[in-house]
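Colleague: Could you take a close look at one part of this model for me, the strand pairing and what surrounds it, and explain it step by step?

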Amino acid sequence: MSQIIEITEKAVAQIRQISANENVGPDGGLRVGVVGGGCSGLSYKIEFSSAKEKDHLLTFAGVRVLIDPKSAVYLKGVTLDFQDGLQGKGFIFVNPNAKN
């Protein structure tokens, strides 16, 4: 079975660096989700939080990633990357299924 989402090595390194400054408990991790809003009707959201009962728990090189069941449907096949270049830096979602 394939992972719901993929996370690049560069993104994992950045998440690890940021989480060192956050107060993430032992049952916490990076929550990746999809929320309503934006031009297309859906927007991506990432934050550190505690795990909830029905969350999917994924691990990438020791980084815990939490995904709620509803978001899992929309995140299937998505890759979370981190870019640091002339156009700015930050996390980006690469979705091969997106129409726009």
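Modeller: In this predicted model, β4 and β5 pair in the antiparallel sense, and five bridges join them. Within that pairing, H56 stands opposite I67 of β5. As background, strands of a sheet pair through backbone hydrogen bonds, either parallel or antiparallel.

The two strands belong to an open sheet of four strands, whose order is β3-β2-β5-β4 and whose pairing is mixed. The edge strands are β3, residues 42-50, and β4, each of which pairs on one side only. From one strand to the next, the twist averages 30°.

In soluble globular proteins, nonpolar side chains tend to be buried together. If we leave aside its neighbours within four places in sequence, I5 is in contact with V32, L58, F60, I67, L75, V78 and L80.

Finally, helix α1, which spans residues 9-19, holds Q14. Q14 counts as buried because its relative accessible area is 17%, and the cut-off is under 20%. Not counting residues up to four places away in sequence, Q14 touches F82 and F91.

Note on methods:
Residues numbered from 1 in each chain as written. Predicted model: local features only at pLDDT ≥ 70, side-chain atom pairs only at ≥ 80, totals over all residues. Heavy atoms only, no water. Buried < 20%, exposed > 50% of the residue type's maximum accessible area, 1.4 Å probe, protein only. Contact = heavy atoms within 4.5 Å. Pairing = 2+ DSSP bridges. Axes fitted to C-alpha atoms, helices over the stretch in contact; angles between N-to-C directions.
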